[in-house]
Amino acid sequence: MEPFAHHSLLDVEGLTRVDVERILDTAEAFLQVSRRPVRKVPTLRGKTVINLFYEASTRTRTSFELAGKRLSADVINMSVSASSVKKGETLQDTCRTLQAMHPDVIVIRHASSGAPSYVASKIGCSVINAGDGMHAHPTQALLDAFTIRRAKGTLDNLVVTIVGDISHSRVARSNAHLLKLFGCEVRVVGPRTLLPAAVDSLGVRVFDRLEDGLEGADVVMVLRIQRERLEGALLPSLREYSRTFGIGPKTIGPAKPDAIIMHPGPMNRGVEIESLLADGERSVVLQQVEAGVAVRMALLYLLAGEATEPPAVGEVH
Ligand code: CP
C-alpha cells in the first residue's frame with residue numbers, strides 16, 4: 001500500500017481530494033471495529049500517542065483517547081492543569097520534553113492559532129491539530145465529511161449551509177475548505193458581526209437571512225454561539241440571535257425535506273438549535289460523535305501505522 005503522503009495533520013488546506021477519500025475509506029473499516037463486541041485491533045502496538053489539550057474538550061479528547069486505545073497504542077492524556085505548564089513552562093519546552101520520551105504522535109488542542117504548526121516545526125514526531133484558536137479543526141471537518149458521505153451517499157456537489165458564529169469558528173473554516181474539494185456549494189448565514197472580515201476568501205456564499213441561506217440545502221450545519229469568545233459586544237442578546245438565526249421546526253422549512261442537521265457540539269439548546277431538531281429524525285449529531293472515533297483511528301493509523309492494510313471488516317483479534 002502507498003504510504004500516506006503526510007507526516008502531520010495541521011489543517012485541511014494541505015489535503016487533496018484523494019487524501020480525504022483515503023482517510024474516509026480507512027475510517028469505514030475502523031467504524032466496523034468500534035461496532036463489534038471486541039473493539040480493539042493490534043495495529044499500533046508499541047506506538048505512543050500523547051494527547052495535549054490546552055483547551056477544554058469532551059468529544060475530541062475522548063475520541064482521540066479511544067481511537068489510540070482501540071488501535072492498541074500506549075495513550076497518554078496530559079492534563080495541562082496538572083502539568084508544569086502551570087509553573088510557566090513554554091509550549092516549546094513542553095513539546096521538546098515530550099519529544100524526548102519518543103512519542104509517535106502528539107495530538108494538540110490550543111487556544112492560539114498556529115500552535116500545532118509551531119510544535120510540528122520544533123519536534124520530529126507526527127502532530128495532529130485537534131483545534132487551534134479560530135484557525136482550524138481538521139479532524140472535525142473530516143468526521144463531518146464522513147458523516148455526510150454516509151448519510152447522503154456522496155460528498156459531491158451538495159448544498160451545505162453553515163449557520164452561526166462563523167467569525168470565531170475553526171469548524172466553519174475547515175469545513176469550507178474540505179467541502180469545496182468536492183464541489184459543494186458552501187453557504188454561511190449569520191449576523192454580519194459574526195462573519196469574518198475576509199469571508200469572501202473562504203469561497204462561500206454569504207446570506208443575511210436564514211430562510212434564504214437554507215433554501216434547498218442538503219446539509220444544515222449549526223454552530224455553537226461561543227459565549228466565551230464573544231466578549232458581549234457582537235450580539236444584542238442571545239434571545240434576539242435565537243429568534244433570527246436559531247434552527248428549529250419553524251425555521252428549517254426552506255431546507256430540503258431530507259436535509260440532515262449537524263452540530264459539532266457542545267450545543268446551546270434553545271439558543272442556536274432547538275431540542276426538537278437536535279434530537280429529531282434528521283439529526284446526525286450522534287453519528288458525528290461515532291464518526292469522530294473512526295476518523296481519528298484512521299488518522300492515527302495512516303500517520304503512525306506500519307504500511308499494512310487496515311483490518312478487514314469482521315476481523316477480530
Ligand atoms: N466538536 C468539538 O471539538 O467538541 P469538543 O470541544 O468537545 O472536543
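1. In this predicted model, the C-alpha centres of domain 1 and domain 2 are 25 Å apart. The domain assignment, which is automatic or taken from a database, gives domain 1 as 12-136 + 289-304 and domain 2 as 138-284. Contact (heavy atoms within 4.5 Å) takes 34 residues from domain 1 and 27 residues from domain 2.

2. On conventions, local features need pLDDT of at least 70 and side-chain atom pairs pLDDT 80 or more, whereas totals for chains, interfaces and linings use all residues. Residues are numbered from 1 along each chain as its sequence is written, and side-chain values use heavy atoms, without hydrogens and water.

3. Around the ligand are S57, T58, R59, T60, R109, H137, Q140, P264 and G265, where near means a heavy atom within 4 Å. Domain 1 and domain 2 each supply at least three residues of this shell. By class, the shell holds 1 nonpolar, 6 polar and 2 charged residues; Pro counts as nonpolar, Arg as charged and Gly as polar.

4. Polar contacts are pairs of N or O atoms within 3.5 Å. An N or O atom in the side chain of S57 is 2.6 Å from a ligand oxygen atom, and a backbone N or O atom of R59 is 2.9 Å from an oxygen atom of the ligand. A nitrogen atom of the ligand lies 2.9 Å from a polar side-chain atom of Q140. Of the 250 Å² of accessible area that the ligand has on its own, the protein covers 91% (Shrake-Rupley method, 1.4 Å probe).

Methods. A polar contact is a pair of N or O atoms within 3.5 Å; within protein, one must be able to donate a hydrogen and the other to accept it, and residues adjacent in sequence count only if both atoms are side-chain atoms.
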